[in-house]
Amino acid sequence: MAAQRRTMMQSHQSWTDDLPLCQMCGVGRAPNCVYGPDGKGTQSHLMEDGHLMLRGEDGCFLYGVFNGYDGSRVASFATQCLTAELLLGQLNSSHTDNDVRRILTQAFDVVEKSYFDTIDDALAEKAHLSNYLLPHNENMSFHQLSSQGQKVQERLKELEQEVSGGTTAVVALILNNKLYVANVGTNRVLLCKSSSDGQNQVLQIGRPHSTDNEDELQRLAALGLDSARVRQAGQIAGQSSTRRLGDYRVKFNYNEIDLLSSAKSMPVIAEPEIHGSHSLDGVTGFLLLMSEGLINALESAHGPEQVNQEIVAMVAAELAQQTSLEAVAQSVVERVKRLHHDVYVSGRQRAAYCSRHEDMTLLIRTLNYPLADAVLTPTQGGRIYPVSVPYSNSQSTSKTSVTLSLVMPSQSTLTNGTNTASTLEEGTPTPGQSPTATLQSTNTQTQSSSSSSGDGSLFRQRGSQAAQPDETGRVPPYVDFSQFYRLWGGDHSDGQSTQGGLGPQ
C-alpha cells in the first residue's frame, strides 16, 4: 500500500514536470528568520513555502502560493497535485464561470483526499504503536518494556514528522482572459489595474480565513464552537487559519483539541472560497499573490492599515527600474525583509512585533504592464527611471511618508484623484514611458506626484528627442531651480554670503 502511495505522488510530479513556465511572471522568496539581541538573524527551519507559475493549453495560466508549516511536504504535494488536476485537459475555453468554479473546488477536494491517502499507512502504524505503549502488557519485564518502548518512541517521532504539517493555499487561474481566485487560508491576492481615468485601483480579492474573519466565526459557531473564545485564542492548533490543506491533527483528532472539542463536525476545512470571474480585457496592471509570512512581516513593521498600498507601491517602483520580473519580485521581498529588520534593531514601539518572521513569498504576474528598458542617458534619448526613496525608518507607526517615484520629463500632466483606503494612483504606463506612481495615505500629510500644478511647473516639458548640449557643452536641466534660488536669496538677504553663492555657475 505504501508503495502505491509513493507511486501516486511520483506520477503527479512526472505528469507536470514538462508543463512550461509562464514568462509573464516572477517570484521572490526569503526564508524565515529569528533575530538575536545583536540584531543578527538565524534561520529556524527549512523553507516551507511553495508556488506555481505555469502555462497550460488553450490560453490557460495557473499561479499559486502555498504557505506550508511543520514541514514542506503538504505544500509540495499540493503544488504537484493541483497542477495535475487543473492543467491536464480539465479546463478549456468552452467552460463557463460555473464550470471553472466547480472544477477548482473539485481540484482542492482531490488534493486533500489524495494527500491523506498517501499517509494512511503511516497513520495506521502510528495508531498501532501508540496502543502498544499503553501499560497493559504485564508479561514483559521492566527492562524489556523500557528497551522496546524506547524504540517505539523513536519510531513514533519519525512517523509524526512524516504525517504532520499542512499548508494554506491561494490559486489564481486565468482562462479566456478572465481571472478566478481560489483561496484556502491566510494568503492574499491583490489585483492592481488602471481605471479609465488613468489611475490605478488596488483590489484585494477575498478575505483571509482567519480567527478574526466574521464569516468564518459564524461558520464555526454553527458547528457548536464558542466563536468569542476562538477569536480570543487567535490560533487553532498553532495556526491562525480556519481553512487549510492537510494537518491530520485538526482534521481527524479535533475532538481531542480543547478549543475544537465541542464541534459537531470537522471545523477546519479545505474547501476553497472561489472569487471571479474578473475580466482582464483591456486591463493594464499586475496581479500579486503573497504568502502570509510576507504580509505579517510588513504588518509587524508598519501596522496593518496600509499594507496593500505599500506592497503595490514597492512593486510599481521596482517595475519601473528592473528589467526582469524575478528581479522585481525578489527586490520587493528583500525590501520588506530589510524594513522588518530595521524596525527590530531600532528599538522603537513596533520593535517588539518584529523579533522574527516566517518564510516570505511574492508572485507577480504582469497584465500588459511594461518593464524598464535598458538604461540610457538623457542625451541618448533613453528613459529617465523613477527615483525610489526608501521608507523612513524614523517612524514608530505605519504613518510613513514615501515618495514612490519621480519621472521626468512627461508629455502629459497627471492629476491626483480621490484617495481611498486601498488605492494606489499611477499614471497609465505606455510603451516608452516609465510608469509613475503616487501613494496617498490617510495616515500621512505627505503626497507625491509626478507633476505640480500652477503656471510655474517644477518640471520642464520636453519632447522625446535627445537633449542637445549648448555652446558650453552642458545639457539644459530637467528641473528648474530658479524659484528655489529666488526664495533662498530672499531668506538670506542679511548681507552674509555663502561660499561661492547659489545658482548655476
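Tutor: Helices (H or I, at least four residues) and strands (E, at least two) are DSSP runs, and they are numbered from the N terminus. By that count, the protein has twelve helices and 16 strands. The model is predicted, so local features need pLDDT of at least 70 and side-chain atom pairs count only at pLDDT 80 or more, while totals for chains, interfaces and linings use all residues. Residues are numbered from 1 along each chain as its sequence is written, and side-chain values use heavy atoms, with hydrogens and water left out.

Student: What share of the residues count as buried?

Tutor: Buried means under 20% relative accessible area, exposed means over 50%, and partly exposed lies in between, with a 1.4 Å probe and protein chains only. Of the 505 residues here, 47% count as buried.

Student: How do I read a sheet?

Tutor: Strands of a sheet pair through backbone hydrogen bonds, either parallel or antiparallel. Two strands count as paired if DSSP finds at least two bridges between them.

Student: How many bridges join β8 to β9?

Tutor: Five bridges join β8 (residues 188–194) to β9, and the two strands run antiparallel.

Student: What else does α11 lie across?

Tutor: α11 (residues 325–346) lies across β2 and β13, at about 20 degrees to β2. Those two belong to an open sheet of three strands in the order β3-β2-β13, again antiparallel. There β3 (41–42) and β13 (356–357) are the edge strands, each with a single partner strand, so one side of each lacks a neighbour in the sheet. β2 (residues 33–35) and β13 pair over two bridges, and V34 has R356 as its bridge partner.

Student: How do I read two packed helices?

Tutor: Two packed helices are described by the angle between their axes and the distance between the axes. Angles under 35 degrees count as roughly parallel, over 145 as roughly antiparallel, 65 to 115 as roughly perpendicular and the rest as oblique. Helix α9 (residues 292–302) packs against α11 at about 40 degrees, with the axes 9 Å apart. That makes the pair oblique.

Student: Is the crossing of α9 and α11 left-handed or right-handed?

Tutor: A crossing is left-handed if the near helix is turned anticlockwise from the far one by less than a right angle, and right-handed if clockwise. α9 passes α11 in a left-handed crossing. Residues in the contact include L294 and L298 in α9, and V333 and V336 in α11. The contact residues divide into eight nonpolar, three polar and no charged. Here Ala, Val, Leu, Ile, Met, Phe, Trp, Tyr, Cys and Pro count as nonpolar, Asp, Glu, Lys and Arg as charged, and the others, Gly among them, as polar.

Student: What are the angle and distance for α2 and α3?

Tutor: The axes of α2 (residues 73–86) and α3 (residues 97–118) come within 9 Å and cross at roughly 135 degrees. These two helices are therefore oblique to each other, and their crossing is right-handed. Their contact residues divide into 13 nonpolar, two polar and two charged.

Student: How many residues of β7 are buried?

Tutor: Six of the seven residues of β7 (residues 178–184) are. Seven bridges join β7 to β6 (residues 166–175), antiparallel, and five join β7 to β11 (residues 273–279), also antiparallel.

Student: Where is there a cis peptide bond?

Tutor: The bond from G276 to S277 is cis, with omega near 20 degrees. S277 is found in β11.

Student: Is D247 buried or exposed?

Tutor: D247 is buried, with a relative accessible area of 1%. This residue has a positive phi of about 60 degrees although it is not a glycine. D70 has a positive phi too, of about 55 degrees, but D70 counts as partly exposed at 43% relative accessibility.

Conventions
Contact means heavy atoms within 4.5 Å. Axes are lines fitted to C-alpha atoms, for helices over the stretch in contact, and angles run from 0 to 180 degrees between N-to-C directions.
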